[in-house]
Amino acid sequence: MKPWAKKFYNSKAWKECRASYIVKVHGLCERCSKPGKIVHHKKYLTPYNINDPNISLNHNNLEYLCQDCHNNEHHGEGEVVGRGLMFDEEGNLVQRSDNDD
């Protein structure tokens, strides 16, 4: 998680917004219908817009994604980030474990 976003993602407002959005979409990835994992902001959050609830807490700017669809969103479908690497649920590039498929 980016340091400037930590306070937001730990806030009660975000946790409630996230939970209500997951219920709204029945807990399924909105791209492939697998079980979802990450509430993604379509318009990416920045230090400049994170405090604007019309962007950060607006259901119209959210999408529930599984790990694979979220990874594809951030590095493009078919692009190779690097052997043994993946994006975690917070968008950080991390080493894949043998159990990640």
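This report describes a predicted model of a protein, moving from its overall layout to one helix, the nonpolar core, a group of aromatic rings and a histidine.

## Overall layout

The protein has four helices and four strands, and along the sequence these elements follow the pattern α-α-β-α-β-α-β-β. Of its 101 residues, 33% are buried. Among the contacts with a separation of 6 or more, 53% are between residues 24 or more positions apart.

Helix 2 covers residues 12-24, and its 13 residues reach 18 Å from the first C-alpha to the last, which is close to the 18 Å expected at 1.5 Å a residue. Its buried residues are Trp14, Cys17, Tyr21 and Ile22. Seen down the helix axis, the buried residues fall within an arc of 130°, and therefore they line one face of helix 2. The face turned away from this buried side carries Lys12 and Val23, which are exposed.

The buried residues of helix 2 are covered by several elements, including helix 1 (6-9), strand 1, helix 3 (53-56) and strand 2 (62-65). Just after helix 2, histidine 26 takes a positive phi of about 60°.

## The largest nonpolar core

In soluble globular proteins, nonpolar side chains tend to be buried together. In this model the largest nonpolar core has 13 residues, and those with the most contacts inside it are Trp14, Tyr21, Val39, Leu62 and Tyr64. Helix 2 and strand 2 are the elements that give two or more residues to this core, and helix 2 gives the most, with four residues.

## A cluster of aromatic rings

A pair of aromatic rings is described by the distance of the centres and the angle of the planes. The count for this protein comes to three aromatic pairs. One of them joins phenylalanine 8 and tyrosine 9, whose ring centres are 5.1 Å apart and whose planes stand at 70°, an edge-to-face arrangement. Phenylalanine 8 counts as buried, because its relative accessibility of 10% is under the cut-off of 20%, whereas tyrosine 9, with a relative accessible area of 26%, is partly exposed.

Phenylalanine 8 also pairs with tryptophan 14: the ring centres are 5.3 Å apart and the planes are at 40°, so this pair is tilted. Both phenylalanine 8 and tryptophan 14 are buried, and Phe8, Tyr9 and Trp14 form one aromatic cluster.

Histidine 41 lies in strand 1, which covers residues 38-41, and histidine 41 is buried, with a relative accessible area of 4%. Not counting residues up to four places away in sequence, histidine 41 touches Phe8, Tyr9 and Trp14, and its contacts also include Ile55, Ser56, Asn61 and Leu62. The side chain of histidine 41 reaches the backbone oxygen of serine 56 at 2.9 Å.

How values were computed:
Residues numbered from 1 in each chain as written. Predicted model: local features only at pLDDT ≥ 70, side-chain atom pairs only at ≥ 80, totals over all residues. Heavy atoms only, no water. Phe/Tyr/Trp six-rings, centres within 6.5 Å; stacked < 30°, edge-to-face > 60°. Buried < 20%, exposed > 50% of the residue type's maximum accessible area, 1.4 Å probe, protein only. Polar contact = N/O pair within 3.5 Å; in protein donor to acceptor, adjacent residues only side chain to side chain. Contact = heavy atoms within 4.5 Å. Expected span 1.5 Å × (residues − 1). Arc of directions from axis to C-beta. Core = buried A, V, L, I, M, F, W, Y, C linked by side-chain atoms within 4.5 Å.
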